[in-house]
Amino acid sequence: MTPEFPPRLAEQSDDAGALLASAAQLPDWHASQRARAWQRLDRAAHQRATFWQRPLGLVVAAGTAALVGAAVVWWSMPRFSSTSRSPTAEPVASAPLPAAAPVPRELERGRMSGTTSSTGRGLVVLTPQLRIVVAASTRYEVASYEVSSVVVHQGEAFVQRRGGGPRVALRSGEQLLSTDPRLGAVDVVASPMAVASSPPPPAAEQRVERTAATVSPSAGCSEAAVREPCLRREANGTGLAAQNALLALALLYRDRHEPDRALAVLEESLERFPRGALLPEVRLNRVKLAADTPAQVLTAADEYLEHHSVEPSAVWVALLKADTLYRLRRFADAQLAYGRAAVLGDTPEFVAEAKYFEGLAARQVGDAAAAKAAFSASLAAAPAGPRADAAHQQLK
Amino acid sequence: MLLWAQAEPSSREWLHGVYCAHAPQVRAALSRLVGPGIEPDDLLHEVFLIALAKEALLRRPEFAVGPWLYGVATKVALAARRKRKLRSWLGLEVAAELPSSDESHRGAEQKDAQRLVYAALERLTAKKRDVFVLYELQGLTGEEIAEALQLNLKTVWSRLLHARHEFNTALERLMAAELKETQP
């Protein structure tokens with residue numbers, strides 16, 4: 001006799017059912033993630049297929065696997081151990097935080113990681129761009145190349161620019177780049193919209209990206225003649241140093257007006273470090289580099305917004321996406337995108353700007369009520385802002 | 001013979017076909033089988049490399065690839081859970097606490113539910129846990145689980161009932177303990 005299976009617990013209305021129904025939900029596996037996973041599998045399958053056809057393949061594979069395994073075990077043990085061997089920089093006994101700061105450790109170039117002692121007072125690390133105060137009992141990682149980056153795996157650290165400015169607290173699982181706008185603006189870069197060839201929406205040319213920052217001069221690999229091979233050599237390594245070198249290499253190609261090569265390097269970075277510390281920066285640069293190609297910019301912007309909607313640059317990316325849709329005359333989508341950008345907006349002027357263009361897009365769609373509401377919202381957000389007069393005109 | 005050889009898809013085409021047809025479901029099953037803290041994409045990669053190694057078997061027309069992949073997924077997930085347990089025992093558990101790419105998208109409430117559910121599942125043996133997760137979370141039928149795990153249908157039924165009882169008991173205890181902690 002076939003046994004009768006009971007109804008699923010998740011279909012029942014008790015506590016267990018509700019918990020199971022909630023735990024069973026998984027985030028979507030997006031097409032880009034799926035494509036990357038397939039590429040990785042395809043490459044592994046291809047390597048496997050060609051390798052075994054060679055004579056002595058088995059012997060070489062066994063030898064290599066043993067060596068790599070031993071190296072990986074040796075390398076990974078201290079990094080993940082809570083009582084790891086001494087970090088590259090010794091924890092300094094001093095006050096818990098900056099007040100009685102210990103003697104700072106200079107990290108001109110390279111990588112430093114470790115766990116500060118629970119009984120000590122922390123550690124201060126100085127990179128060319130940043131002053132980092134690592135609290136006691138903190139597992140941290142600092143890298144200094146083209147940009148400085150800080151990752152706090154566990155514990156707490158405080159980061160500030162060398163020249164002063166706001167201090168940013170990092171807690172377990174958080175990371176920060178020296179280009180992060182939370183540390184104060186370094187430079188202002190023109191929006192990619194300003195250089196696009198097709199006719200822009202009325203104000204797109206005026207916009208500037210407030211969140212992006214230029215990269216400071218390199219501390220190493222600085223000689224122009226050897227810069228590219230030097231970065232490429234470092235990029236072939238592992239960890240934060242390799243991620244940093246890949247990003248620097250992409251920026252180098254961008255500055256040489258070789259966007260295809262820059263994009264390829266960013267793709268390589270995404271593929272090799274799908275959970276890397278520099279992921280937001282890599283994705284943001286991909287959006288910037290794709291800005292001349294509407295189809296690419298939409299894909300890159302969607303991916304950025306999907307993963308990093310809480311990053312400060314998300315505001316700019318959302319606006320870029322909306323502008324691109326407007327240019328493509330996809331007004332209904334643009335209306336929606338401007339609405340979302342307004343939600344992310346962090347200043348009244350930005351909200352007013354996004355709402356104003358939402359109104360223009362709504363008018364193009366023929367939705368007069370939505371257009372009126374958007375223009376009114378623009379005025380309400382910044383009654384004396386640069387869009388106020390135009391919004392008044394539109395309402396009349 | 002030559003014509004037949006030309007009509008037969010290459011290994012790459014075959015793998016791509018199988019991947020497109022089954023990868024999303026198998027990945028979801030892996031996510032649910034291992035719980036938080038382990039990257040399902042890595043395990044999925046492992047499952048499909050095993051499938052590639054068994055290509056000749058899987059290419060047989062009568063062979064059901066889907067259930068076989070679920071069976072491999074449960075074994076790969078079990079190995080990953082054991083590895084995590086070993087790392088935890090060796091005091092290397094810090095890395096496992098870093099969130100996987102899936103977790104960063106979850107809301108706090110959902111994370112809480114997931115934490116409680118997987119804490120309760122830790123009390124189950126691997127055999128019962130696999131059946132429970134595939135039935136209750138992945139939504140497979142008893143027959144599909146029996147085929148995937150190469151079990152008798154009655155064995156699946158019996159494991160499921162025991163697993164449900166143990167899960168409910170563990171969950172009640174965990175919730176009671178949490179309630180006690182939150183009360184002043």
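This is a predicted model: local features need pLDDT of at least 70, side-chain atom pairs count only at pLDDT 80 or more; totals for chains, interfaces and linings use all residues.
A residue is called buried here when its relative accessible area is under 20%.

I shall begin with chain B. This chain contains ten helices and zero strands, and buried residues account for 48% of its 184 residues. Among contacts between residues at least 6 apart in sequence, 70% join residues at least 24 apart. The chain exposes about 9700 Å², of which carbon and sulfur atoms supply 57%.

Consider helix H9 of chain B, residues 142-149. Its buried residues are B:Gly142, B:Ile145, B:Ala146, B:Ala148 and B:Leu149. They lie on the same side of H9(B), because the arc they cover around the axis is only 165 degrees. In general, an α-helix has 3.6 residues a turn, so residues three or four places apart point the same way. What covers the buried residues of H9(B)? The cover includes helices H5 (65-89), H8 (126-137) and H10 (153-182) of chain B. After H9(B) comes B:Gln150, with a positive phi near 55 degrees.

I now move to chain A and to its open sheet of four strands. The order is S2-S5-S6-S9 (chain A), and the pairing is antiparallel. Strands S2 (110-115) and S9 (174-177) of chain A stand at the edges; each has a single partner strand, so one side of each lacks a neighbour in the sheet. From one strand to the next, the twist averages 10 degrees. Within the sheet, S5 (residues 139-144) and S6 (residues 148-154) of chain A are joined by six bridges; A:Ala143, for instance, has A:Ser149 in S6(A) as its bridge partner. Helix H5 of chain A, residues 239-255, packs on the sheet and touches S2, S5 and S6 of chain A. The direction of this helix makes about 35 degrees with that of S5(A).

Finally, the aromatic rings. Over all chains, there are ten aromatic pairs. One of them, A:Tyr338 with A:Phe357, is stacked, at 5.7 Å centre to centre and 25 degrees between the planes. The pair links helix H10 (residues 331-344) to helix H11 (residues 348-365) of chain A, its members being 19 residues apart. A:Tyr338 is buried, at 0% relative accessible area, and A:Phe357 is buried, at 0%. A:Tyr356 and A:Phe375 have ring centres 5.6 Å apart and planes at 55 degrees, so this pair is tilted. Ring pairs link A:Tyr326, A:Phe331, A:Tyr338, A:Tyr356, A:Phe357 and A:Phe375 into a cluster.

Thank you for your attention.

Note on methods: Residues are numbered from 1 along each chain as its sequence is written. Chains are lettered from A and ligands numbered from 1 in the order in which they are written. Side-chain values use heavy atoms; hydrogens and water are left out. Buried means under 20% relative accessible area, exposed over 50%, partly exposed in between (1.4 Å probe, protein chains only). Helices (H or I, at least four residues) and strands (E, at least two) are DSSP runs, numbered from the N terminus. The arc is that of the directions from the helix axis to the C-beta atoms. Contact means heavy atoms within 4.5 Å. Accessible areas come from the Shrake-Rupley method with a 1.4 Å probe; for residues, only the protein chains shown count as cover. Two strands pair if DSSP finds at least two bridges between them. Axes are lines fitted to C-alpha atoms, for helices over the stretch in contact, and angles run from 0 to 180 degrees between N-to-C directions. Rings of Phe, Tyr and Trp (its six-membered ring) pair if their centres lie within 6.5 Å; planes under 30 degrees apart count as stacked, over 60 as edge-to-face and the rest as tilted.
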